[in-house]
Amino acid sequence: QVQLVESGGGLVQAGGSLRLSCTVSRSLFSINAMGWYRQAPGKQRELVAIMTSGNRTNYVDSVKGRFTISRDNAKNTVYLQMNSVKPEDTAVYYCNARVVSTTAITNSWGQGTQVTVSS
């Protein structure tokens with residue numbers, strides 16, 4: 001099992017920036033994909049950004065050009081840089097680690113960090 005700890009959430013004005021961090025309990029090289037998800041009140045959890053072990057990235061259309069996922073392997077940390085934030089970005093953001101083996105796919109989640117964007 002992988003332990004994940006998110007940080008960096010908070011209150012930010014529309015148009016501002018925020019950086020979320022996700023510290024992982026083991027080497028990022030042992031994880032097939034790291035992702036950021038979010039869940040707004042009354043809505044389903046959605047994938048925001050994902051990065052594979054080969055550093056391929058993908059983003060939900062609504063954040064393309066504004067958010068960037070990155071990693072620091074030496075610190076076992078994954079980041080989500082959020083620029084030009086909008087009120088609709090308000091949600092609890094969760095870090096996810098996916099490990100694929102020959103017998104199972106294991107998803108681990110952090111506790112979540114609240115991001116609130118004021119208009």
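**Reading a charged residue and its partners**

Reply: Let us begin with surroundings: leaving aside its neighbours within four places in sequence, Asp89 is in contact with Arg38, Val63, Arg66, Phe67, Val115 and Val117. Please keep in mind throughout that this is a predicted model.

Me: Where in the chain does Asp89 lie, and is Asp89 buried or exposed?

Reply: Asp89 lies in the loop that runs between β8 (77–82) and β9 (91–100). Because its relative accessible area is 1%, and buried means under 20%, Asp89 counts as buried. Its side chain also reaches a backbone atom, the nitrogen of Lys86, at 2.7 Å.

Me: Which residue forms a salt bridge with Asp89, and how should I read such a pair?

Reply: The general idea is that side chains of opposite charge can pair when their charged atoms come close. Here Asp89 forms a salt bridge with Arg38, the closest N and O atoms being 3.0 Å apart. The pair links distant parts of the chain, since Asp89 sits in the loop between β8 and β9 while Arg38 belongs to strand β4 (residues 33–39), 51 residues apart. Both Asp89 and Arg38 are buried, the relative accessibility of Arg38 being 6%.

Me: Which other residue does Arg38 pair with, and which residues make up the network of salt bridges?

Reply: Arg38 forms a salt bridge with Glu46 as well, with the closest N and O atoms 2.7 Å apart, and Glu46, at 30% relative accessibility, counts as partly exposed. The network of salt bridges links Arg38, Glu46, Arg66 and Asp89.

Me: How many salt bridges does the structure hold, and what is the setting of the one between Asp61 and Lys64?

Reply: The structure holds four salt bridges. In one of them the side chains of Asp61 and Lys64 meet at 3.0 Å, N to O; Asp61 is exposed, with a relative accessible area of 60%, whereas Lys64 is partly exposed at 46%.

Me: What is the overall fold in which these pairs are set, and what does the radius of gyration say?

Reply: The protein has eleven strands and zero helices. For 119 residues a compact globule would have a radius of gyration near 14 Å, and the protein has 14 Å, so the two agree. Of these 119 residues, 40% count as buried, and among contacts with a separation of 6 or more, 54% come from residues 24 or more positions apart.

Key:
Residues are numbered from 1 along each chain as its sequence is written. This is a predicted model: local features need pLDDT of at least 70, side-chain atom pairs count only at pLDDT 80 or more; totals for chains, interfaces and linings use all residues. Side-chain values use heavy atoms; hydrogens and water are left out. Helices (H or I, at least four residues) and strands (E, at least two) are DSSP runs, numbered from the N terminus. Buried means under 20% relative accessible area, exposed over 50%, partly exposed in between (1.4 Å probe, protein chains only). A polar contact is a pair of N or O atoms within 3.5 Å; within protein, one must be able to donate a hydrogen and the other to accept it, and residues adjacent in sequence count only if both atoms are side-chain atoms. Contact means heavy atoms within 4.5 Å. The radius of gyration is taken over C-alpha atoms; the globule rule is 2.2 Å times the number of residues to the power 0.38.
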